[in-house]
Amino acid sequence: MKLPQDFQEKMARFLSGRYLVYGPDMLHRFLQLVVFPVGLFALLNRSAVAAAITFVILAYMEFRLLSRNTRARRRENEWFLDHTRAIRKPAVAWYRGRKDRENTYFTCPNCHTIHRAPKGKGKIRIRCKHCKEQFEKRV
C-alpha cells in the first residue's frame with residue numbers, strides 16, 4: 001500500500017530535526033532494559049505502582065526520541081555515561097576478556113582506559129596512550 005504524497009511530506013516535516021533521526025543512544029537502550037522487567041513484574045503481580053513506573057519510563061523514552069532539543073538529549077546521555085562509567089568499564093573489560101582467548105584486558109590506573117596485551121608475555125611495562133601514565137602488569 002502506497003501512502004499519499006502529502007502524508008509522506010507531513011511525516012518528513014514532523015520528523016526533521018528530531019532526536020529520533022539520530023537513533024537510540026545508550027540512555028535509551030538502558031531504559032529499554034529497565035522497562036521490560038518492570039513491566040513484566042507489573043503484569044504478573046498486577047502492581048499499579050510498577051505499571052505506573054513502566055508508563056513513566058515509556059513516556060520519557062518517547063519524549064526523548066521525539067524531542068527536537070538534541071543538545072539537551074545529548075547532555076542527558078553524557079550525564080548517564082559519566083555516572084555509569086564505573087560499572088560499564090569493568091563490564092566491557094570482563095566481556096572482552098571472556099571473548100578473546102589470545103589477549104588479556106586491563107584498565108589504566110590513572111584514566112581507566114581499557115588496554116589489551118597478548119597473554120603469556122609475563123610482566124610488561126605499559127604506557128597509556130591516553131594519559132601517558134606508565135605502569136607494570138603481569139599478563
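In this predicted model, Phe 30 is partly exposed, with a relative accessible area of 38%. Phe 80 counts as buried, at 9% relative accessibility.

The count of aromatic pairs comes to three. One of them joins Phe 30 and Phe 80: the ring centres are 5.1 Å apart and the planes stand at 40 degrees, so this pair is tilted. An angle under 30 degrees would count as stacked and one over 60 as edge-to-face. Phe 30 belongs to helix H2 (residues 26-45) and Phe 80 to helix H4 (residues 70-99), so the contact ties together parts that are 50 residues apart in sequence.

Phe 106 and Phe 135 also form an aromatic pair, and this one is edge-to-face. Phe 106 sits in strand E1 (residues 103-107) and Phe 135 in strand E4, so that distant parts of the chain, 29 residues apart, are linked. Both Phe 106 and Phe 135 are buried.

The geometry of these two pairs is set out below.

| Pair | Centre to centre | Angle between planes | Class |
|---|---|---|---|
| Phe 30 and Phe 80 | 5.1 Å | 40 degrees | tilted |
| Phe 106 and Phe 135 | 6.1 Å | 85 degrees | edge-to-face |

Strand E4, which holds Phe 135, covers residues 134-138 and pairs with strand E3 (residues 123-127) in the antiparallel sense, over five bridges. Across this pairing, Arg 125 stands opposite Glu 136 in E4. The hairpin of E3 and E4 has six residues between the strands, and in this hairpin Lys 132 takes a positive phi near 65 degrees.

How values were computed:
Residues numbered from 1 in each chain as written. Predicted model: local features only at pLDDT ≥ 70, side-chain atom pairs only at ≥ 80, totals over all residues. Heavy atoms only, no water. Pairing = 2+ DSSP bridges. Helix = DSSP H or I, 4+ residues; strand = E, 2+ residues; numbered from the N terminus. Phe/Tyr/Trp six-rings, centres within 6.5 Å; stacked < 30°, edge-to-face > 60°. Buried < 20%, exposed > 50% of the residue type's maximum accessible area, 1.4 Å probe, protein only.
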